[in-house]
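Reader: I would like to learn how to read a model such as this one, feature by feature. Could we go through it together, with the general idea first and the case at hand second?

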Amino acid sequence: MALKLSDPGELIATIPLMLGFTPVESVVVVGLTASGTMSPVLRADAGDFAVAEGAEALCRVVGAQLSRAGASRAILVGYGSGQKTVVAARQALAAHVDVVDAWTVAHGRYRSPECVDPRCCPDAGRVVPAPPEVVARAFASRPHRTLDLAKGPADRRRKARRAHDRSWASRPKDIVRWRQQRLEAWRVALGEAADGRLPTDADVGKLGAGLRDVAVRDAIVIDLVPGKGSVAESLCVDPSAPGVREALAVMLLPASAVAPHAGLVDALERLASHVTWLCPRDIAPAMTVLGLARWWHGDESGAAHAVGLALGDDPHYRLAELIQCAIDARMPPGWLAAP
């Protein structure tokens, strides 16, 4: 959503709505087009600006993103540790875009770190106001689905865990065949979920074991792309098999973009939430696959929620980190970016 706001307090109040979450330990870059529209909105970890070389590299990427979006100016807002680095970030970014303002936010108040006029920016800062009513209504109308990650009954979780552990223990005996079986089991379960049927507790455990294997998880991701089933199958034989880049281009690049199947995300949500309900140890891979599907579907806030759950379970889950980077950069899927 592209917005125009006239007051810095309104801008700062609106940033959490635009991102889908309240930033912490962050620097947020708000692009401004020639007409004054705010787009895009990018977020980076405050620590990414702590080292000069890293800050310069990050600012080159941010500058390129702003340029592609038609933003010639930018506003910076620092949160948490970002308050200390927002001035340095402004200096680093100034080589790539005209940074017209910088603000810091803490404890519900905001101020300019460079302002010395207490009438404008008192030491305690100004109270962050409520977002404008029209903006709040606009964002409230956007669908935002949350997932119930409550644990299933203990006896059912034990049954799923035993099946999970047995399946994982059998993996080294014939890993190629095991991966092929796990991919096919996921395909069957996803198809049944589309019809409203969910797998048994033991089958859920086996699905979770498959998700735990990175090659199977990647095959499941590629299998979401229409016409790329053979590439997914080849990953089970050789995790470095060719064709993955071309399959992902269908999600990422406007030139080869394809929209996801209409019922795909709904079926995946039912299946992923059922897996995590009975196999809490598999939250990270299940929610990451769901987050990617939501992002591809164009549901940025829903994708951020699922990926946030994945990173909350495993802060270093690499695929979830990559999807979070795409969300933070406001990078749309290819079919939405295509002219």
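Reader: Let me begin with the sheet: which residue in β4 is the bridge partner of Leu76?

Author: Before the answer, a word on the basis: this is a predicted model, in which local features need pLDDT of at least 70 and side-chain atom pairs count only at pLDDT 80 or more, while totals for chains, interfaces and linings use all residues. Residues are numbered from 1 along each chain as its sequence is written, and side-chain values use heavy atoms, with hydrogens and water left out. Helices (H or I, at least four residues) and strands (E, at least two) are DSSP runs numbered from the N terminus, and two strands pair if DSSP finds at least two bridges between them. In this case the partner of Leu76 in β4 is Ala102. The two strands concerned, β3 (residues 71-79) and β4 (residues 98-106), run parallel and are joined by seven bridges.

Reader: What is the order of the strands in the open sheet?

Author: The order is read across the sheet, by pairing. Here six strands form an open sheet in the order β2-β1-β3-β4-β5-β6, and the pairing is mixed. Its edge strands, each pairing on one side only, are β2 (38-45) and β6 (126-127). Helix α2 (residues 52-68) packs on this sheet and touches β1 (26-33), β2 and β3, where touching, or contact, means heavy atoms within 4.5 Å. The direction of α2 makes about 165° with that of β2, with axes taken as lines fitted to C-alpha atoms, for helices over the stretch in contact, and angles running from 0 to 180 degrees between N-to-C directions.

Reader: Do β1 and β2 run parallel or antiparallel, and how many bridges join them?

Author: They run antiparallel, with six bridges between them, and Leu32 stands opposite Met38 in β2. The hairpin they form has four residues between the strands, and within it Gly36 takes a positive phi near 90°.

Reader: Why is β2 described as largely enclosed by the rest of the structure?

Author: Burial is judged by relative accessible area: under 20% is buried, over 50% exposed and in between partly exposed, with a 1.4 Å probe and protein chains only. Strand β2 is largely enclosed because six of its eight residues are buried.

Reader: Which residues other than glycine have a positive phi?

Author: Glu25 is one, with a phi of about 45°, and His107 is another, with a value near 55°.

Reader: How many of the ten residues of helix α8 (residues 214-223) are buried?

Author: Seven of them are, and the helix is thus mostly covered; the buried ones are Ala215, Val216, Arg217, Ala219, Ile220, Val221 and Ile222. These residues pack against several helices, among them α6 (175-194), α7 (201-212) and α12 (283-297). At the N-terminal end, Asp213 caps α8, with a side-chain oxygen 3.0 Å from the backbone nitrogen of Ala215.

Reader: How many disulfides does the rule give?

Author: A disulfide is a pair of cysteine sulfur atoms within 2.5 Å, and by this rule the count is zero. Cys120 is in no disulfide, and the nearest cysteine sulfur, that of Cys121, is 3.7 Å away. Cys120 is partly exposed at 34% relative accessibility, while Cys121 is buried at 3%.

Reader: What does Ala13 touch beyond residues up to four places away in sequence?

Author: Ala13, in helix α1 (residues 8-19), touches Val128, Pro129, Ala130 and Pro131, and is buried with a relative accessible area of 10%.

Reader: Why is the protein said to be as compact as a globular protein of its length?

Author: The radius of gyration is taken over C-alpha atoms, and the globule rule is 2.2 Å times the number of residues to the power 0.38. The protein has 15 helices and six strands. Its radius of gyration is 22 Å, close to the 20 Å that the rule gives for 339 residues, so the protein is as compact as a globular one of that length. Buried residues make up 47% of the 339 residues.

Definitions and conventions: Polar contact = N/O pair within 3.5 Å; in protein donor to acceptor, adjacent residues only side chain to side chain.
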